[in-house]
Amino acid sequence: MAKQHVNTTINGDPVEFLCEPDQTVLDVLRDVLGLTGSKEGCGTGDCGACSVIVDGRLSCGCLMLGAEAEGREITTVEGIAEGDKLHPVQQRILEEGALQCAFCTPGFVVAAKALIDQNPDPTETEARYWLAGNLCRCTGYDKIIRAVMNAAADVRGEAA
Amino acid sequence: MTYEDGKLKVVGTRPIRPDGVDKVTGRANFGADHSMPGMLWGRILRSPHAHARITGIDVSKAEALPGVKAVVTGADMAESSGSADAGESAINLRDLSRNVLAHDKVLYDGHAIAAIAATSDKIAREALKLIDVGYEVLPHVMDVDEAMKPDAPLLHDDMFTEGIEPTPETSSNIAKKMVIGFGDVDDGFAKADVIIERTLKTAPVHQGYIEPHACVATISEDGQAVVWCSSQGQFVIRDLCSQLLGMEAADVRVIPAEIGGGFGGKTTVYLEPVALMLSQKSSRPVKMTMTRGEVFRATGPTSASSMDVKIGATRDGRITAASAEFRFQAGAFPGSPVGAACMASFAPYDLENVSITGYDVVTNGPKVAAYRAPGAPQGAYAVETVVDELAEALNMDPVDFRALNGAREGTKAPYGATFKVVGNLECLEATKDHPHYKSNLGPDQGRGVASGFWFNIGGQSAATVAINPDGTVSVVEGNPDIGGSRASMAMMAAEVFGVAVEKVRPMIADTASIAHNDVTGGSRVTFATGMAVVQASEDAVEQLKKRAAKMWDVEVEDVVWQDGAAHTATKDAPLTLADIAAQAGRTGGPITGNASINARGAGPAFTTHICDVEVDRETGAVEILRYTAIQDAGKAIHPSFVEGQMQGGVAQGVGWALNEEYIYSTDGNMENPGFLDYRMPVASDLPMIDTVVIEVPNPSHPFGVRGVGEAPIVPPLAAVANAVYDAVGVRMTELPISPPRLLAAIDAYKAAAE
């Protein structure tokens, strides 16, 4: 089957690419566009390392076909910081030491930003359930949850 | 130099790690993130059978598929023999070769048989289907106790149990028997008023690193190769590849990618030699990645275990004797961590009479790999469960019982060492004093405690530091950073130089750019590589003092180094690091410091955990309500990353205790090779994990570091099981304590009570 021609928006920029019909958004990001910040931990939507935001909705890049990106707006981990200013989630993850091997970190950054965009005042339980689709094997989640709660407070303009 | 705790300026603080920004922005390059021009994609064909003889492999159809550039099988590998030093343990090269690509038999579901390199991943996958493999399916055995029986299916006809005199004349699946201990256990048990004896079992569990194995390899026509891969040690990858493939070490340059978790599972090779073989055949770079299913079926896991533990004590609470038999499943080739289980499991106790027997047993599962404190969690689960039951039988507080019998300075450990300064009693005291331990519990809630021990190791490390012309410092070391070790290295160097940590930039060099370093494992990096970095920094400080003496025209003996500058009595103004660096060209050239060491004196880690659970009697589900981990770190260089190690170890241990297990079909196929069905803890499964870092300094390290990474996974299995018992009165002697298993146990308990 011929490659698909897709026009989409990634991290605010117009992007045009060709992909195989069975290539996922994650395959396209990593192997076609060279955006390797999104990771493949499972390829089955269970680990969240490929989390991207599609038209405002948190999604797994591995569960969406590249062809489905047509006409959509996709945000990846490479597009979370604004210029040289890190997003509060990124800053708080650094300050809390909420990363060890950091393979899951891009997915958590994207998923946590999506949470705070939607709910800037989550309870700890809400944050834990929202992030339950992102596996981390290193941290036990403690510092990640603290970082996300502090980042939410930053976004609300409160001192954490 | 000596460093006084109260005067440390950098060590013990919590700076942002130097590699942090790249890791929150997606810039950091992990194993699968590297690509090369002209690169091919490699894929591996794996056995669908748990045990079969390969009667033939026909690759002709696959080779004929357009886009396929190379096919390799076990027949392409040279015969290997001998063993390679992998830092923590020796690796048998003949077995490793057969694990990388099966030679004559497949020994587990997922065993690699052949590999293909093609111009696209899609073509490579298509080509796998065109390889025709003939199998003569053989009976298989998965369970360790079954595998030890005389009539069990045999994995290796030529395996005769080591450690038995005389060596048996018939082959078996028992690779090795070992016995350690001292005293007279029969006499000890005769003196006991209470004896508890239990048999416990655990399932195989995977390390569960989120990053699948991945590499890119390229080999030139002159035989020089480069491998990019994520691993726990670029040097062990180089050495294993070169030895398996008959290459010289200097011809294999391994460039360490960032590593997305290892926990012991990335201390050996799977894809790397295959990618090199494919590159050699195709004259092109080859990239290989594993799927999650391949990771589960063909890498890791750690051993399932079957364990008998017997402990006796007098009425006043003194243990009189302890004995155990540990039977560990090694998977397809020998090498379970049963030896460490024998050595570590009773180490928290001061024993007069102890006898421990271990069996290393092959079964038709993937060859086990190291997993965080290998062997100790299983053994501690058995020992700490029996200790809990014994304390209850004696009507003693379980922490008091552990403290009364606790290992301390001067205690002879079951493996023969006599402990120097250790923090076991300090951990137990902190447990007893912790508000968690004194808090109240509600209905169906229970509390468990358990202790743990891990040796920690030192080993070989090399480090160099270079003073840059502007006075900044580059630290070069050779251990992949899995948990923030770059930060610790930079901090220790900054402390020695007396400069801000941001002035020190660490990097992890490839195998051609620094001397050998043992793997990132054994909780050794902050201790051993940290010691190398400190010594290299001190070496550089000596150079700086000499240069300052030259600039001042004074004797070097009259120069002291303090707060990042050279001082001498006759000059009012000190010479800063930057002052001296700027003049380096005029005072003798670039300033460097070096250290190559085999670090001795690793300080053992002791730890005690408190776990509260609530059991849902309707479903058998166990909720972790509260968890506190108390551990002697010696000295926490960066406390956040020490706490993180403790929290992460707890989470893995909780998963092991409650949910994780390899589930096999009757055909011996793994039925849950994915994160949906192999259930690791997610954020909503856990509470915050409280930590108490005890600091009983290790006298062998300049800052007192012991090593922290492994000990935290040792106690949780028993702490959870003991808490479940406290909640519902059921002793869970088989892991995981999954809802159906617990529900059945609760029902049986109720039925027995009625």
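This is a predicted model: local features need pLDDT of at least 70, side-chain atom pairs count only at pLDDT 80 or more; totals for chains, interfaces and linings use all residues.
Residues are numbered from 1 along each chain as its sequence is written, and chains are lettered from A and ligands numbered from 1 in the order in which they are written.

**View 1. Domains 1 and 3 of chain B.** Chain B is assigned domain 1 (5–28 + 458–599), domain 2 (34–138 + 211–260 + 266–298) and domain 3 (305–456 + 603–753); such bounds come from an automatic or database domain assignment. The contact between domains 1 and 3 takes 18 residues from domain 1 of chain B and 21 residues from domain 3 of chain B. Here two residues are in contact if their C-beta atoms, placed from the backbone, lie within 7 Å. On the side of domain 1 of chain B that touches domain 3 of chain B, the elements giving two or more residues are α15 and α16 of chain B. Helices (H or I, at least four residues) and strands (E, at least two) are DSSP runs, numbered from the N terminus. Helix α16(B) gives the most to this side, with five residues. The residues of this side divide into seven nonpolar, nine polar and two charged. In this classification Ala, Val, Leu, Ile, Met, Phe, Trp, Tyr, Cys and Pro count as nonpolar, Asp, Glu, Lys and Arg as charged, and the others, Gly among them, as polar.

View 2. Four strands of chain B, in the order β21-β20-β19-β25, form an open sheet with mixed pairing; two strands pair if DSSP finds at least two bridges between them. Strands β21 (504–508) and β25 (591–599) of chain B are the edge strands, since each pairs on one side only. On average, neighbouring strands of this sheet are turned by 20° against each other, direction ignored. Axes are lines fitted to C-alpha atoms, for helices over the stretch in contact, and angles run from 0 to 180 degrees between N-to-C directions. Strands β19 (residues 459–467) and β20 (residues 473–477) of chain B pair in the antiparallel sense over five bridges, and B:A466 stands opposite B:S474 in β20(B). Helix α15 (residues 485–497) of chain B packs on the sheet and touches β19, β20 and β21 of chain B; its direction makes about 140° with that of β21(B). Helix α16 (residues 525–552) of chain B also packs on the sheet, touching β19, β20 and β25 of chain B, and its direction makes about 145° with that of β25(B).

View 3. All five residues of strand β12 (residues 225–229) of chain B are buried, that is, 20 or more other C-beta atoms lie within 10 Å of the residue's own, with C-beta atoms placed from the backbone. In a regular strand the side chains alternate between the two faces of the sheet. Both faces of β12(B) are covered, with B:A225, B:V227 and B:C229 on one side and B:V226 and B:W228 on the other. Strand β11 (residues 214–219) of chain B pairs with β12(B) in the antiparallel sense over five bridges, and B:I219 stands opposite B:A225. These two strands form a hairpin with five residues between them; in the turn, B:G223 has a positive phi of about 90°. Strand β13 (residues 252–256) of chain B pairs with β12(B) in the parallel sense over five bridges, where B:V226 stands opposite B:R253.

**View 4. The contact between chains A and B.** In this view, 44 residues of chain A are in contact with 42 residues of chain B. The elements that give two or more residues to the side of chain A are α2 (88–96), α3 (105–118), α4 (124–130) and α5 (142–156) of chain A. Helix α2(A) gives the most to this side, with five residues. By class, this side has 22 nonpolar, eleven polar and eleven charged residues.

Methods:
A residue is buried if 20 or more other C-beta atoms lie within 10 Å of its own, exposed if 12 or fewer, and partly exposed in between; C-beta atoms are placed from the backbone.
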